[in-house]
Amino acid sequence: MKLSYLLKGVKSARVTGVFPRRGLPSCNSHKCLSTVSTASYHGKQRASYLPYLILGVSAFVVASHQTVQNDTKRKSNRRIIVIEDDVDGEDEDEDEDNEEEETSEEREERLEQERQDRIKNKPPLSQIFNISDFEFVAKQVLPPGTWGYYSTGSDDEFTLRENHYAFGRIFFRPKCLVDVTKASTESGDIFGATFDAPFYCTAFAGSPMAHPDAEKNLILAAGNEKIPYLVPIQCSYPLDTFMSFAKPDQENFHQLHFYTEEQLENAPAYFKNIEDNYPNIKAFFINVDLPCLGNREKDSKIRAALDPSVNDGLSVFAAPTIKYLNLTWTDMEKLKNSTKIPIVLKGVLRKEDVLKAAELGLGGCLLSNHGGRQLDFAMPPIEILAQSRKLLRENGVKDEDFKMFIDGGIRRGSDIIKALCLGADAVGLGRPFLYAMASYGQPGVERAMQLLKEEMLRDMKLLGVNSVKELNEDMVDIESLKFKGISSSDILYNSNYTNMPPPPFTK
Ligand SMILES: Cc1cc2nc3c(=O)[nH]c(=O)nc-3n(C[C@H](O)[C@H](O)[C@H](O)COP(=O)(O)O)c2cc1C
């Protein structure tokens with residue numbers, strides 16, 4: 001294997017999709033994502049990485065030699081081949097020469113061609129076994145600028161990682177000898193609706209960069225799988241067109257945020273329109289986590305590395321200048337009094353605010369840190385959930401009177417079950433469905449939903465429960481939940497452990 005190959009890794013390309021039809025800044029020039037020079041970026045890094053890499057690999061070879069004599073020769077030979085290839089530098093020089101000769105247009109074309117090849121040769125859906133597989137494929141087929149926008153967290157991304165890792169600190173206490181032949185993932189009652197499973201596709205901007213049909217994939221897949229979709233206010237279709245894609249009996253939620261005082265003043269009229277014309281929208285989820293935008297540094301860095309002159313389109317998402325309306329509890333009370341549809345606060349991050357929302361008579365809270373994209377070091381929602389239900393119950397708020405949702409880092413059926421055990425009525429997933437859509441369109445989103453249902457059902461049976469109603473705190477051990485950032489590593493075990501292979505590309 002050659003160093004040049006290792007360093008090239010994921011290649012970049014020009015964006016081919018269109019950005020929003022409506023409501024969002026246009027990116028039709030594609031310049032914002034005409035990324036282009038991942039290779040030259042990597043190229044620049046090469047010179048400085050090379051000595052370290054050689055030193056590192058050499059040290060590894062020496063260490064292996066001392067510890068495992070018998071096996072050393074074979075192993076080190078393999079490693080040395082890597083080094084010799086690189087130290088020898090023939091291919092490397094050749095590559096560099098080629099790069100020097102290549103104009104930026106040629107490079108752009110080559111990178112785009114390479115991405116198109118990956119799109120053509122992507123693994124069939126039948127090779128996708130879990131949500132991480134979708135992520136792997138999306139990372140390969142999306143232009144790097146788009147990938148950066150989707151995958152970024154804020155600042156150093158502690159919260160982004162903790163969202164997911166927190167689930168790894170909860171363990172199950174399964175019951176044995178239970179008849180689970182009738183187990184079902186069907187949700188409980190959520191604002192008068194029931195679904196095939198208690199998870200939903202959450203609201204996110206930027207779908208048109210993933211697929212030309214954008215959010216249409218999501219609402220159709222959600223309808224076929226009987227899963228709720230949190231229809232985003234930043235949808236790239238006008239609301240009436242978009243809702244016409246839904247099945248007549250398909251029930252959904254609607255996410256809202258406000259940019260201006262005028263929009264806030266017009267909210268009652270907007271609510272009335274929904275009440276009169278879209279009775280299948282069962283709740284409004286209003287953002288309370290957007291007094292300003294988080295510092296999505298990875299996104300900015302990737303774009304800057306790709307093209308320092310880029311200053312339009314997508315950058316507006318990460319720009320500190322974008323202004324949302326600074327809502328307060330007083331606004332929320334007025335909003336609540338202006339509609340019959342239950343209001344859920346999206347982005348609550350402390351149990352005291354959950355109680356306040358319940359006392360205000362709101363419909364529920366969605367514990368969310370925006371997928372780690374707003375305040376870094378905000379707590380993982382699953383941990384706040386464990387505290388919040390307890391506080392609500394202590395204050396006499398019945399579970400059925402106040403709905404709890406969480407999102408962020410949920411990637412497995414077991415994560416969904418853990419959240420239900422700790423008092424969630426349903427959980428939201430964002431990037432998983434975004435990546436499934438980017439890689440495979442509507443069938444991908446449906447497959448992602450099916451996988452989660454299958455995982456949920458299997459785990460419920462293994463837990464010894466038949467329905468989501470039976471999932472409660474007694475089924476989990478959360479002793480370690482509060483110990484954030486701690487990971488134990490069994491080096492011996494890990495050195496023998498083989499990583500799960502990613503889904504194979506056909507070429
Ligand atoms: C690319 C992207 C765009 C998003 N845009 C919005 C948005 O416009 N409004 C909103 O309320 N949340 C938005 N979110 C946050 C999601 O609603 C949700 O909180 C988050 O994705 C959950 O984390 P997960 O991606 O780990 O599942 C966005 C998330 C992503 C990844």
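Predicted model: local features only at pLDDT ≥ 70, side-chain atom pairs only at ≥ 80, totals over all residues.

Reader: Which distance separates N and O in the salt bridge of Asp 399 and Arg 393?

Author: The two side chains meet at 2.8 Å, N to O. Asp 399 counts as partly exposed, because its relative accessibility is 27% and the class runs between 20% and 50%. Arg 393 is partly exposed as well, at 37%.

Reader: How many salt bridges does the structure hold?

Author: It holds 22 salt bridges. Take Asp 276 and Lys 272, whose side chains meet at 2.7 Å, N to O. Both lie in helix 12 (residues 267-277), four residues apart, which is about one turn of the helix. Asp 276 has a relative accessible area of 48% and is partly exposed; Lys 272, at 44%, is also partly exposed.

Reader: And which parts of the chain does the pair of Asp 196 and Lys 453 link?

Author: That salt bridge has an N to O distance of 3.6 Å. It links distant parts of the chain: Asp 196 is in the loop between strand 1 (171-172) and strand 2 (199-201), while Lys 453 is in helix 19, 257 residues apart. Asp 196 is partly exposed at 33%, whereas Lys 453 is buried at 15%.

Reader: Now the ligand. Which residues come nearest?

Author: Of the 23 residues around the ligand, the nearest are Ala 203, Asn 287, Asp 407, Arg 411 and Gly 430. By class, the shell has eight nonpolar, 10 polar and five charged residues. Gln 255 places a polar side-chain atom 3.4 Å from an oxygen of the ligand. The protein covers 97% of the 600 Å² of accessible area that the ligand has on its own.

Reader: Which elements give two or more residues to that shell?

Author: Helix 7 (144-151) and helix 19 (431-463) do. Helix 19 gives the most, with three residues.

Reader: Is helix 7 largely enclosed or open?

Author: Count its buried residues. Eight of the eight are buried, so helix 7 is largely enclosed by the rest of the structure. Among them are Trp 147, Tyr 149 and Tyr 150.

Key:
Residues numbered from 1 in each chain as written. Heavy atoms only, no water. Near = heavy atom within 4 Å. Polar contact = N/O pair within 3.5 Å; in protein donor to acceptor, adjacent residues only side chain to side chain. Areas by Shrake-Rupley, 256 points an atom, 1.4 Å probe, with all protein chains shown as cover. Nonpolar A, V, L, I, M, F, W, Y, C, P; charged D, E, K, R; others polar. Buried < 20%, exposed > 50% of the residue type's maximum accessible area, 1.4 Å probe, protein only. Salt bridge = Lys/Arg side-chain N within 4 Å of Asp/Glu carboxyl O.
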